[in-house]
Amino acid sequence: MITELEFVPVPATDLDRIRCNGHDDFGNPLVARTSGAGAPLRCCLTLSGEGEQIALISHRPSSLGGPYAEVGPVFVHVGPCPGFTGPDFPADFADRHAVLRPYDAAGQMLDGVLAEPGESEGELKRLFDDPEVALVHVRNVIAGCWNFSVRRKAA
Ligand SMILES: [Zn+2]
């Protein structure tokens with residue numbers, strides 16, 4: 001059976017609230033900065049182009065709760081953007097090293113995987129072969145920052 005996966009950025013409702021409030025959910029002001037190329041944007045799951053207006057905010061990506069549901073820094077577009085709706089693995093993130101960190105349904109962390117460039121998508125499919133795995137975070141290797149979440153698509 002093929003497991004269909006869903007790739008989850010910072011939710012649009014969270015972004016609307018943060019852009020409207022002018023600060024993130026943890027009180028950090030939404031400060032526009034001009035991006036260089038290649039900042040990983042968690043609003044639309046693309047890498048920024050030179051000169052785009054982005055901001056660094058704090059986000060808690062795990063909706064499962066529990067002690068592992070930590071808060072971390074993410075880059076987002078300052079203004080409205082199309083978000084991410086694509087059914088496929090975000091192309092801009094395919095050729096990066098990544099840590100794939102799986103969680104069970106209670107939010108407990110399971111064994112993670114270090115994925116080489118080009119291997120994240122295949123490794124994700126392998127992780128989801130385990131019925132214990134409810135959610136996987138795709139994270140940066142050095143800083144550990146969350147890039148996006150992956151879950152099984154609801155039937
Ligand atoms: Zn965006």
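**Notebook: a loop proline, a zinc site and a helix**

I began at proline 67, which sits in the loop between strand E5 (53–59) and strand E6 (72–77). I kept in mind that this is a predicted model. Is proline 67 buried or exposed? Its relative accessibility comes out at 77%, so I noted proline 67 as exposed.

**Zinc site**

Next I turned to the metal. Which atoms coordinate the zinc ion? I found the SG atoms of Cys43, Cys44 and Cys81 together with ND1 of His77, at 2.1 to 2.4 Å. Along the sequence, I wrote the spacing of these donor residues as C-C-x32-H-x3-C.

For reference, I jotted down that the ideal angle for four tetrahedral donors is 109.5 degrees.

Cysteine 81 has 22%, so I put it down as partly exposed; the cut-off for buried is under 20%.

**Helix H2**

Which residues of helix H2 (residues 120–127) are buried? My list reads Ser120, Glu123, Leu124 and Leu127. They share one side of H2, because they cover an arc of only 105 degrees around the axis. A handy reminder here: an α-helix has 3.6 residues a turn, so residues three or four places apart point the same way.

I then asked what the buried residues of H2 pack against. The answer is five strands by name: E1 (5–8), E7 (98–103), E8 (113–115), E9 (135–139) and E10 (146–152).

**Whole chain**

Stepping back, I counted two helices and 10 strands. Their order from the N terminus is β-α-β-β-β-β-β-β-β-α-β-β.

For overall size, I compared the radius of gyration with the globule rule: the chain has 15 Å, and a compact globule of 155 residues would be near 15 Å, so the two agree. The C-alpha atoms fill a box of roughly 45 × 30 × 30 Å along the principal axes.

Buried residues make up 42% of the 155. Of the contacts between residues at least 6 apart in sequence, 56% join residues at least 24 apart. The chain exposes about 8,100 Å², with 54% of that supplied by carbon and sulfur atoms.

Methods
Residues numbered from 1 in each chain as written. Predicted model: local features only at pLDDT ≥ 70, side-chain atom pairs only at ≥ 80, totals over all residues. Heavy atoms only, no water. Donors = N, O, S within 2.8 Å, 3.2 Å for Na, K, Ca; no water. Buried < 20%, exposed > 50% of the residue type's maximum accessible area, 1.4 Å probe, protein only. Helix = DSSP H or I, 4+ residues; strand = E, 2+ residues; numbered from the N terminus. Rg over C-alpha atoms; globule rule 2.2 N^0.38 Å. Contact = heavy atoms within 4.5 Å. Areas by Shrake-Rupley, 256 points an atom, 1.4 Å probe, with all protein chains shown as cover. Arc of directions from axis to C-beta.
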